[in-house]
Amino acid sequence: MKRILAMALLCAALLPLSSHATVDDAHSFAMEAAQPFVNEGFIVREDYWNGEVKSGQKLMVKHQLFKGNEYAFWLGTANDGCTLEIQVLDEKGNPVQITPKVGVGPMFTSVKVNPPKTGTYSILFSITSKTEKGVFWALAYGYR
Amino acid sequence: MTSRRSLSLLGLFSVAFSSAALGQGSNAGVVEVTSSAKNFPGYVVDDVVVPVPSEIFSVLDKLGEPNWRQELRNLKAPETTDRTRLSLVFGSVVAEGFIAVQAQDKKAVEDIGREVIDLSKSLGIQKAVLPHANAILDASKSNNWPAIRKEFDLTQKTVRETMEKMKDNDLSQCVSVGGWLRGTAAVTSVVGKNFSADRAELLQQPMLVDHFIGQIGKMPGNTKNHATVKAILDGLNVIKEIMTKSTEAFTPEGVSTINKTTGGLLELIDGKP
């Protein structure tokens, strides 16, 4: 009985750790997507967004962009076989021209954007898995 | 960073039933979309990544050749144990670090690196900050400016995460506010010296100002009623009004007012009379 209890406690203790590591994996894949951009002179911000979300659920972050900079957004996931989508909208909700899927891998996708004005933009994204109900994600960005 | 920006699946599902999504940070989470985004059946990640000053500086560099050395301030840490002020100062000192990188001023970077260590001691977060401060000092020896800039970004991130782990979310926000004020003071100074509509447009940041006003509004009473924080709130409202009036274009007077407002608040933070 004590052994079962100990095993249960161990599993409970390990559960959040494994979950945390998986979210970190999503960020690692976003950084893998960023690497070719770094070689092109992009500066990667250390701050980023991440979490866990229902497969296919659209999410949006609002972010300040400055006209004159070129931005890249890198979306990574820790789940295999997903479809990743990113879109950038201006303050009025209209799509901004992006260079889509400039760096795509099985676990990440990227877009580049030259903001036409300085202001608040919305980054819309989703990760859809054929097999998982929930997916881990991380969205990072850089500029040059 | 990971914990602060975490958005849990459980939190996402529960948002329909409760306004408090289950993020690990106090403000992490999601809200149902109410924005102008058309046909968006999704959720807004209720968190803001504040740009570092370098993001704006890089545009100013493309539009001209600002004299960044001229923008550097002499550092003199306030003799205080007031953690709210120390957090505001910390943010402003890290922003000073970004200016020093832009100026490629090795001595300034070293002074700022040492100041970061002193402030982290006063705030009781030296253990978390020291590796970054040492990395800044090491990189300055080889004039590795990209590495120094990365470490300043990491320093701010680490400090804010450490404060949030210590349940000092209000102090974490003070670090962000202090950094933004210093960055904006430098930008308005550069723009004011060589005004153009393109340069001034960089000040169009109402979402960030709203974010800071909102964060101050959520602070506990003792922080919210802190004299310096109250003055910052007043100053942010002044800046917001100018931004609202300047959606088409900023005037030189508007830029000057933002510069005076941010400069005055920084003097208050530093404890200058």
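Which residue's side chain makes a polar contact with the side chain of B:E71? Some notes on that and on a few other places follow.

1. First, the ground rules. This is a predicted model, in which local features need pLDDT of at least 70, side-chain atom pairs count only at pLDDT 80 or more, and totals for chains, interfaces and linings use all residues. Residues are numbered from 1 along each chain as its sequence is written, chains are lettered from A and ligands numbered from 1 in the order in which they are written, and side-chain values use heavy atoms, with hydrogens and water left out.

2. Back to the opening question: the partner is B:K193, at 2.6 Å from side chain to side chain. A polar contact here is a pair of N or O atoms within 3.5 Å; within protein, one must be able to donate a hydrogen and the other to accept it, and residues adjacent in sequence count only if both atoms are side-chain atoms.

3. B:E71 itself sits in helix α3 (residues 68–71) of chain B. Helices (H or I, at least four residues) and strands (E, at least two) are DSSP runs, numbered from the N terminus. With a relative accessible area of 8%, B:E71 is buried; that word means under 20% relative accessible area, with exposed over 50% and partly exposed in between (1.4 Å probe, protein chains only).

4. Leaving aside residues up to four places away in sequence, B:E71 touches B:E96, B:I99, B:R182, B:A186, B:S189, B:V190 and B:K193, where contact means heavy atoms within 4.5 Å. One of these, B:S189, is 118 residues from B:E71 in sequence, yet their C-alpha atoms are 7.6 Å apart in space.

5. Chain B as a whole has 13 helices and two strands. Of its 273 residues, 57% count as buried. Among contacts in chain B with a separation of 6 or more, 69% come from residues 24 or more positions apart.

6. Another place to look at is B:T162, in helix α7 (residues 145–165) of chain B. B:T162 counts as buried because its relative accessible area is 17%. Beyond residues up to four places away in sequence, B:T162 touches B:I125 and B:A128.

7. On a 1 Å grid over the protein atoms alone, a cavity is a set of points where a 1.4 Å probe fits but cannot get out, and lining residues have an atom within 4 Å of a point.

8. The largest cavity is lined by 15 residues, and B:P51, B:V52, B:P53, B:G179 and B:W180 lie nearest its centre.

9. Over in chain A, strand β9 (residues 134–143) is mostly covered, with ten of its ten residues buried. Both faces are covered: A:F136 and A:A138 are among the buried residues on one side, and A:W137 and A:L139 among those on the other.

10. Finally, the pairing of β9(A), where two strands pair if DSSP finds at least two bridges between them. Strand β2 (residues 49–54) of chain A runs antiparallel to β9(A) with six bridges, and A:K54 stands opposite A:G134. Strand β4 (residues 71–77) of chain A is also antiparallel to β9(A), joined by seven bridges, with A:F73 opposite A:Y141.

Terms used. On a 1 Å grid over the protein atoms alone, a cavity is a set of points where a 1.4 Å probe fits but cannot get out, and a pocket is an open set with protein on both sides within 12 Å along at least five of seven lines; lining residues have an atom within 4 Å of a point.
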